[in-house]
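Work through the exercises below with the sequence and the model side by side. Try each task before reading its solution.

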Amino acid sequence: MHTKTLKELAQCLRSGEFSSLELTQAFLNRIKKHQDLNAYITVTEELALQNAKAADARIASGNATVLTGIPIAQKDIFCTLDVKTTCGSKMLDNFTAPYNATVVEKLNQAGAVMLGKLNMDEFAMGSSNETSFYGVVKNPWNINTVPGGSSGGSAAAVAARLTVCATGTDTGGSIRQPAALCGITGLKPTYGRISRYGMIAYASSLDQGGPMTRNAEDAAILLQTMAGFDEKDSTSVDQPVPDYSAGLNAPLKGLKIGLPKEFFGSGLNSDMAATLEIAINEYKKLGAEIKEISMPNLKLAIPAYYVIAPAECSANLSRFDGVRYGYRCDNPSDLADLYTRSRGEAFGKEVKRRILMGTYALSAGYYDAYYIKAQKIRRLISDDFKNALADVDVIMGPVTPTTAFGIGEKMDDPIEMYLSDIYTIAINLAGLPAMSIPAGFIDGMPVGLQIIGNYFAEDRLLNLAHQFQQVTNWHQHSPKGFE
Amino acid sequence: MSLTADDVNKIAHLARLGIDSQDIKSYAKDLSGMLDLMTQMSELNTDNVEPMAHPMDQAQRLRTDVVTEQNNREKFQAIAPQVDTGLYLVPKVIE
């Protein structure tokens with residue numbers, strides 16, 4: 001049963017082919033069998049079995065939703081009531097969330113069955129899942145390579161069929177990049193589309209949750225429940241949620257696709273360029289028109305992002321002070337020592353690096369030169385997208401410069417790691433929705449195609465992704481040993 | 001632009017972030033590398049560009065002034081490092 005998609009499983013549960021309890025048990029068994037992947041930080045077995053039984057009763061009573069009884073796993077950045085919520089950090093190793101994130105609450109209400117909490121880079125800061133306090137997640141396509149990050153556990157778990165679907169979050173590519181490296185479908189919605197309440201904050205003006213699934217059809221189902229206005233999130237956008245599954249089959253004839261020349265320049269390796277060209281050709285066959293576009297300010301996205309995100313991170317993470325929750329050092333001599341040592345002992349190196357960078361950028365004398373300058377560049381990048389999207393319907397490009405890199409390969413050089421975010425972070429600065437879909441393989445490792453749309457055009461992105469998945473089968477491949 | 005060990009100590013103090021003394025040098029090197037990356041920003045003239053703080057250029061939403069939070073004191077206290085009779089305990093601040 002683990003090979004079926006969310007949509008297929010929902011039908012099986014309804015027709016009584018098997019129960020949610022059987023399905024949930026099957027996934028729990030797979031999680032145990034493949035625990036070497038390190039995809040999960042916490043497995044909530046007892047709770048899952050209990051919720052599966054409740055889901056079976058709900059299905060029998062006839063008031064089930066499409067998600068009722070479907071096994072799901074939550075990135076460990078989402079607060080889950082009475083369940084350990086670590087955000088991949090020693091700081092929260094002892095933290096049990098006192099409430100549910102809105103996303104978790106909505107999925108629970110729909111009857112989805114949570115299997116556990118997924119591994120991630122510490123506080124979502126990383127592109128390889130190597131900064132997790134709980135250790136690196138292995139990429140099921142090659143266990144010597146990284147799954148990407150920060151939602152590395154989510155991507156690996158979906159790819160290895162250790163869950164039907166998962167949640168992720170994306171601040172600079174953290175849904176799309178791991179989705180690409182693990183060969184699954186990941187959607188970062190428009191900023192404000194999904195509530196951030198109870199989603200532990202990294203960079204609040206960039207963070208956005210989203211679905212990670214096997215295909216676009218499943219992503220549409222999951223997004224349907226996750227999306228929507230939330231009073232509890234002051235940046236949630238009050239806009240109606242369309243029926244994401246309704247438009248999946250719309251024809252693509254006449255669709256205008258923009259290819260930024262800045263994405264396909266000399267920085268892109270030739271295998272990657274060739275693989276993407278084949279994928280984009282499929283869209284031509286489906287009736288789309290291709291147009292070269294230019295977004296001249298894209299190249300400044302990395303420096304602007306690595307000012308803005310650390311600045312927001314340094315402010316957000318000041319809440320971890322060893323007083324109200326989380327880690328506290330032993331025998332603090334005074335209050336300053338308690339703050340300094342608790343934070344020093346519990347944060348990992350990458351988190352510290354970003355707190356320091358952000359503190360510096362916001363400090364007196366540097367604020368204008370770094371933070372305000374970066375915000376101005378953010379405006380110019382956003383304008384580049386606005387201008388481009390006035391001319392074309394969607395923009396396509398790579399997700400990553402290469403396929404999954406080796407574990408440990410980039411850990412000694414943070415700048416090198418940051419540069420691998422080149423194709424994803426500009427989208428977060430603009431707040432636009434974007435997807436990564438499986439688009440082929442290079443030497444047996446998955447490649448993702450990125451589709452970027454206009455604000456609140458998630459339905460259009462899903463439509464494009466679904467149409468591609470009707471004429472290709474990249475999304476149906478399974479890593480060896482996990483079939 | 002490069003940061004010295006003293007700079008890093010100063011920033012770490014502002015952030016109330018303990019850094020092991022043997023790591024200071026490597027943070028100075030990493031942060032200097034990040035700052036080098038950021039100097040690229042100065043290549044672009046941004047006079048008269050309005051800074052963008054938020055992707056939607058949204059104004060903060062207002063709501064009526066009524067209590068929406070539930071009282072979760074027990075739950076919050078249960079996960080705190082050190083509490084006593086409903087209070088969060090920290091080392092003595094005033095002698």
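**Exercise 1.** Where in chain A does A:S478 lie?

Solution. A:S478 sits in the segment after α15 (458-471) of chain A. Helices (H or I, at least four residues) and strands (E, at least two) are DSSP runs, numbered from the N terminus. A:S478 counts as partly exposed, at 26% relative accessibility. The cut-offs are these: buried means under 20% relative accessible area, exposed over 50%, partly exposed in between (1.4 Å probe, protein chains only). A:A160 is 318 residues apart from A:S478 along the chain, and their C-alpha atoms are separated by 7.4 Å.

A note on conventions. This is a predicted model: local features need pLDDT of at least 70, side-chain atom pairs count only at pLDDT 80 or more, and totals for chains, interfaces and linings use all residues. Residues are numbered from 1 along each chain as its sequence is written, chains are lettered from A and ligands numbered from 1 in the order in which they are written, and side-chain values use heavy atoms, with hydrogens and water left out.

**Exercise 2.** Describe the overall build of chain A.

Solution. Start with the elements: chain A has 15 helices and 11 strands. Then check the spread. The radius of gyration of chain A is 21 Å, close to the 23 Å that the globule rule gives for 483 residues, so chain A is as compact as a globular protein of that length. This radius is taken over C-alpha atoms; the rule is 2.2 Å times the number of residues to the power 0.38. Along the principal axes, the C-alpha atoms fill a box of roughly 65 × 55 × 45 Å. Of the 483 residues, 66% are buried.

**Exercise 3.** Which residues touch the most other members of the largest nonpolar core?

Solution. They are A:F123, A:Y283, A:F385, A:M396 and A:L462, in a core of 172 residues. Such a core is a set of buried Ala, Val, Leu, Ile, Met, Phe, Trp, Tyr and Cys residues joined through side-chain atoms within 4.5 Å. Helix α9 (residues 301-316) of chain A gives the most to this core, with 10 residues. Now place the core. Domain 1 (6-254 + 393-476) and domain 2 (299-375) of chain A both give residues to this core, so it lies between them. The domain bounds come from an automatic or database domain assignment.

**Exercise 4.** Is A:N129 buried or exposed, and is A:N331 buried or exposed?

Solution. A:N129 is buried, at 0% relative accessibility. A:N331 is exposed, with a relative accessible area of 71%. Then find their loops. A:N129 is in the loop between β3 and α5 of chain A. A:N331 is in the loop between α9 and α10 (335-346). Finally, read the backbone. Phi of A:N129 is near 65°, a positive value in a residue other than glycine. A:N331 is not a glycine either, and its phi is positive at about 45°.

**Exercise 5.** Which residues does a cis peptide bond join?

Solution. The bond joins A:G149 and A:S150, with omega about 10°. A:S150 is in the loop between β3 (113-118) and α5 (152-159) of chain A.

**Exercise 6.** What pattern does chain B follow along the sequence?

Solution. The pattern is α-α-α-β-β. The radius of gyration of chain B is 22 Å, well over the 12 Å that the globule rule gives for 95 residues, so chain B is more spread out than a compact globule. Its C-alpha trace spans about 55 × 45 × 25 Å along its principal axes. Buried residues make up 29% of chain B.
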